[in-house]
Amino acid sequence: MLLKKENILLVDDDIDILELLQRHLKSMDYHTYKAVSVKEALYILKDTEIDLLVTDINMPEIDGLELVKYVAEHYPNMPKLVVTGFPSVEDASNVIKHGATDYLTKPFTKIELDLAVKKALASKEAKDVFNAPPIKSVANNGYADMIGNSEAFQKVTEIIARVKDNRATVLVRGESGTGKELVARSIHYSGKFSRAPFIAVNCGAIPENLLEAELFGYTKGAFTGANENRNGFFQAADKGTIFLDEIGNAPLPVQNRLLRVLQEKEVTKIGSQKAEKLEVRVIAATNSDLEELIQKKTFREDLFYRLSVVAIDVPPLRERSSDIPLLVEKFMQKYGVEYKDRFVRITDDALDILERYSWPGNIRELENVVQHAVIMCDGTIKMEHLPEELKYKIDFPTKGFKTLLEKEKEYIQEVLISTQGNKTKAAEILGINRKTLREKLK
């Protein structure tokens with residue numbers, strides 16, 4: 001199943017409820033944006049086409065009723081579903097009076113949520129207040145520099161199409177080699193901010209003590225060696241996109257500053273008291289289990305929820321094996337022209353081997369294998385140009401373990417053979433007497 005066309009904004013300061021809502025709606029194939037405060041919800045509403053608002057009422061600082069009132073006037077055709085843990089007739093009439101389409105009482109079941117969402121969406125008039133063109137269907141076999149036509153691939157490209165023209169923070173998750181940076185580049189370069197900078201930062205490749213200065217910049221004299229004022233990667237990415245790869249490796253001081261950037265949309269250089277306002281879309285990527293790092297207290301939970309306003313899970317290659325022929329063709333063209341000055345072919349049996357393999361290193365591993373094969377072949381990739389580990393293996397049965405008694409008897413027999421059956425000599429070698437040897441041979 002591909003995603004339904006509706007975008008749903010979820011607003012709740014209770015992270016558990018937010019996660020529950022997202023999980024339920026994801027299973028119903030809706031696309032969701034998450035916000036843990038009214039302030040963050042307004043940032044998302046500003047430049048994102050939202051079809052339904054689902055908000056809690058009781059929240060610190062500014063409550064959800066204020067958000068309902070705001071949306072009622074600024075986005076009059078947007079249905080609003082209120083989730084409340086303190087139901088009363090007065091509350092119900094109050095939220096309905098201020099523009100809510102319906103309200104749902106906590107705790108609720110998945111079925112109740114499904115019915116409430118369908119009812120709220122059904123209330124939306126056919127006329128679209130945003131007058132935005134519909135999202136174009138992705139080409140059969142590609143999106144930007146990405147390629148594939150499997151359902152798993154199309155789910156990723158569909159989310160890219162939804163987020164490319166807004167500044168919502170995106171978290172890209174996936175195994176190493178699945179193409180997470182390619183997803184980030186596709187979001188940036190296929191959207192309306194494509195002329196602005198795209199700055200890629202590998203948080204795992206920069207020494208921990210330098211990362212903070214590299215990201216946020218510093219003022220002259222801020223630390224030893226700071227001989228001038230210098231902008232960081234965030235300032236360089238102003239109006240564009242910053243891609244933070246391996247975000248799970250960011251040390252806690254960097255996480256603290258990053259949280260402030262996401263909350264306040266401003267950056268303060270190291271050594272400065274003055275904050276600079278920035279318009280930057282943040283795309284973070286990880287192959288780590290951030291929830292596990294949260295449990296270990298090495299990653300901030302509040303930062304995780306602010307990074308994952310939109311989450312894109314990039315599937316491993318083994319889950320999109322039907323895309324392998326397309327990827328192979330792409331890499332053969334790329335390296336055929338680079339190394340052979342012409343296109344390269346591949347035999348059917350060689351392609352069968354590539355399609356059968358599980359690719360633990362994902363697309364990066366496949367590209368390396370094709371690159372090597374193109375170099376080694378003479379215009380056509382054959383089976384002999386592929387690594388041995390990809391080819392068929394015979395799984396021999398593992399040797400069964402014997403008991404200590406069985407191994408002891410085997411060893412005694414070996415010693416007896418070496419002594420031509422002389423038990424006295426065998427007993428001497430074994431360090432036991434003839435009587436014990438006789439007992440062991442029974």
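Helix H6 passes helix H7 in a right-handed crossing, the term used when the near helix is turned clockwise from the far one by less than a right angle, anticlockwise being left-handed. H6 covers residues 151-163 and H7 residues 180-189, and the two pack at an angle of about 35 degrees with their axes 9 Å apart. Helices here are DSSP runs of H or I with at least four residues, strands are E runs of at least two, and both are numbered from the N terminus; the axes are lines fitted to C-alpha atoms over the stretch in contact, with angles running from 0 to 180 degrees between N-to-C directions. Val-156, Ile-160 and Val-163 of H6 meet Val-183, Ser-186 and Ile-187 of H7, contact meaning heavy atoms within 4.5 Å. By class, this contact has five nonpolar residues, one polar and no charged, where Ala, Val, Leu, Ile, Met, Phe, Trp, Tyr, Cys and Pro count as nonpolar, Asp, Glu, Lys and Arg as charged, and the others, Gly among them, as polar.

The model is predicted, so local features need pLDDT of at least 70 and side-chain atom pairs count only at pLDDT 80 or more, whereas totals for chains, interfaces and linings use all residues. Residues are numbered from 1 along each chain as its sequence is written, and side-chain values use heavy atoms, with hydrogens and water left out.

The count of salt bridges comes to 28, each being a side-chain nitrogen of Lys or Arg within 4 Å of a carboxyl oxygen of Asp or Glu. In one of them, the side chains of Lys-106 and Asp-56 meet at 3.5 Å, N to O. Lys-106 lies in the loop between strand E5 (102-105) and helix H5 (110-122), and Asp-56 in strand E3 (residues 52-56), so the pair ties together parts that are 50 residues apart in sequence.

Lys-265, in the loop between helix H10 (252-264) and strand E11 (266-268), has a positive phi of about 55 degrees although it is not a glycine.
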